[in-house]
Amino acid sequence: MIQIQGDTISAIATAFGEAGIGIIRMSGKQAIDIADRIFKSVNGKKLTEVKDRSIILGRIMDSKGAVIDEVVVLIMRSPKSYTKEDIVEIQCHGGLMVTQKVLSRTLEEGARLAERGEFTKRAFLNGRLDLSQAQAVLDIIQAKTNEALKTAEDKLSGKMTGEIYKLKQQILKIIAHIEAIIDFPEDDIENLTLNEITNEVTTAIDEVNELLDFETKSKILTAGIEVAIIGKPNVGKSSLLNLLSKSEKAIVTDIPGTTRDVIEEYINIQGVPIKILDTAGIHKSTDKIEEIGIKKTKEKIMQANLVLALFDGSREFDNEDETIINLIKNHNVIVLLTKCDLPTKIDSNKIEIHFPTEKAISISVKTKDGVDILRQNITDKIKNMSGDLAFIRNARELEALRHVRKNLEEAKDTIALNIGVDFISIDLRSALQELNTLTGESVDEDIINEIFSKFCIGK
């Protein structure tokens with residue numbers, strides 16, 4: 001296990017900006033002593049003298065003895081705290097200047113500014129949380145729907161961890177069976193035990209598949225699905241974004257090429273956060289700014305999980321539409337014919353021939369015809385996407401579980417080939433090693449640092 005530094009860290013734990021309350025959090029051996037040097041309680045008591053989990057009213061003083069702010073201080077002593085270290089939380093007024101001044105006083109008295117996620121990192125390193133639970137903290141912070149929050153809370157409560165440890169015990173039991181065969185070959189139990197081992201490995205594979213389903217659901221709900229809206233200029237991309245998001249996020253005019261950069265907005269469809277990307281219209285342009293926007297559009301097409309391809313139903317099929325089709329042929333696509341409230345001029349067969357499994361949806365942003373069908377199509381696409389979601393945040397967990405499944409399947413193949421029980425044990429121990437990386441019992445420092453770098457400072 002990585003050794004924890006003995007210094008005391010400090011950071012503003014509340015969001016940047018003006019608010020009713022601002023919280024400055026310290027953690028470490030010197031947290032209470034540092035707070036004592038900058039704080040004067042109304043009753044004259046020292047913080048070092050108060051009971052654990054006490055709340056004390058007083059004032060934070062500057063280096064010359066002047067009052068910075070009236071505050072409430074909360075004391076949480078080791079090991080009964082989030083980090084299992086001494087923690088002090090100073091609750092002051094939530095202005096920009098006052099929170100910065102209180103933070104500066106803690107730093108002047110010997111604290112160090114915390115790195116991103118360092119409080120949660122210390123909670124992990126001190127055994128307060130395992131790695132899966134630590135990552136669930138970030139999932140809770142970034143949850144955009146009730147379903148996402150519930151899934152993250154299940155993970156933080158140890159639901160996934162419990163399943164991992166249960167799976168580890170299953171694998172250890174199989175290894176024990178194998179070692180019994182190796183240690184007592186004269187008992188002639190090999191054939192019977194190998195049949196039992198095959199069944200046990202199959203059960204373990206089923207358990208891994210269930211964990212993969214849970215992880216995939218978790219990542220969908222937390223990180224969401226990226227949906228790119230593409231089409232030629234003035235086809236209705238920005239109008240569709242505004243309609244789906246129920247806002248005026250994008251500027252809508254009759255002038256082609258209004259959107260010159262990628263505009264992002266989150267919407268909620270059946271509990272799943274969808275990040276809608278309104279992109280610049282794809283066409284030939286000599287405008288430098290437009291060219292940059294079109295380049296970004298092409299990049300977003302490559303990254304998106306789903307593409308809404310818009311074709312103007314009130315205009316005939318043209319070369320620009322053909323260019324768009326060539327860009328999206330190998331992508332997950334929903335084809336939309338826009339402006340269906342106007343007379344239809346486009347030949348939809350010229351589009352649908354390139355997407356044999358997709359029927360073009362006629363839609364009008366003006367009359368809202370086809371919008372419910374579009375929402376249902378997006379939902380159906382999401383349901384069919386679960387096998388392709390390894391790229392979503394925390395892909396490390398999904399990748400580790402896939403390696404566990406692969407090792408177990410290789411163990412099963414080894415049994416079938418009858419090439420020696422000791423080879424089965426190698427595959428099973430590899431699966432155990434992968435499970436240990438999920439809980440943090442065996443993981444590189446670089447990976448730990450990368451995980452916690454995604455957190456905000458103060459968490």
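Author: Here are some labels, each set against its definition. This is a predicted model, so local features need pLDDT of at least 70 and side-chain atom pairs count only at pLDDT 80 or more, while totals for chains, interfaces and linings use all residues. Residues are numbered from 1 along each chain as its sequence is written, and side-chain values use heavy atoms, with hydrogens and water left out.

Reader: Why is Ala-304 called buried?

Author: Buried means under 20% relative accessible area, exposed means over 50%, and partly exposed is in between, using a 1.4 Å probe and protein chains only. Ala-304 has 11%, so Ala-304 counts as buried. You'll find Ala-304 in the loop between helix H9 (288-303) and strand E11 (306-312); helices (H or I, at least four residues) and strands (E, at least two) are DSSP runs, numbered from the N terminus.

Reader: What does Ala-304 contact, leaving aside neighbours within four places in sequence?

Author: Glu-226 and Ala-228. Contact here means heavy atoms within 4.5 Å.

Reader: What makes Glu-108 and Arg-105 a salt bridge?

Author: The rule asks for a side-chain nitrogen of Lys or Arg within 4 Å of a carboxyl oxygen of Asp or Glu. The closest N and O atoms of this pair are 2.8 Å apart, so the pair passes the 4 Å rule. Both residues sit in helix H2, and because they are three residues apart, about one helical turn separates them. Glu-108 is exposed at 53%, but Arg-105 is buried at 5%.

Reader: How do you know that Glu-352 and Lys-359 form a salt bridge?

Author: Their N to O distance is 3.8 Å, so that pair passes the 4 Å rule too. Glu-352 has 16% relative accessibility and therefore counts as buried, whereas Lys-359, with 64%, is exposed. Salt bridges that share partners also join Asp-7, Glu-85, Arg-112, Glu-118 and Arg-122 into one network. Within that group, the side chains of Arg-122 and Glu-118 meet at 3.6 Å, N to O.

Reader: How many salt bridges does a search of the whole structure find?

Author: That search finds 18.

Reader: What makes a set of residues a nonpolar core?

Author: A nonpolar core is a set of buried Ala, Val, Leu, Ile, Met, Phe, Trp, Tyr and Cys residues joined through side-chain atoms within 4.5 Å. The largest one here has 30 residues, and Leu-167, Ile-171 and Leu-408 are among those with the most contacts inside it. Helix H6 (159-183), helix H7 (190-223), H13 and helix H14 (421-439) each give two or more residues to this core. A second, separate core of 23 residues includes Met-26 and Val-98.

Reader: Why is Leu-417 called exposed?

Author: Leu-417 has 59% relative accessibility, so Leu-417 counts as exposed.

Reader: What makes helix H1 mostly covered?

Author: Six of the eight residues in helix H1 (residues 31-38) are buried. Ala-31 and Ile-38 are among them.
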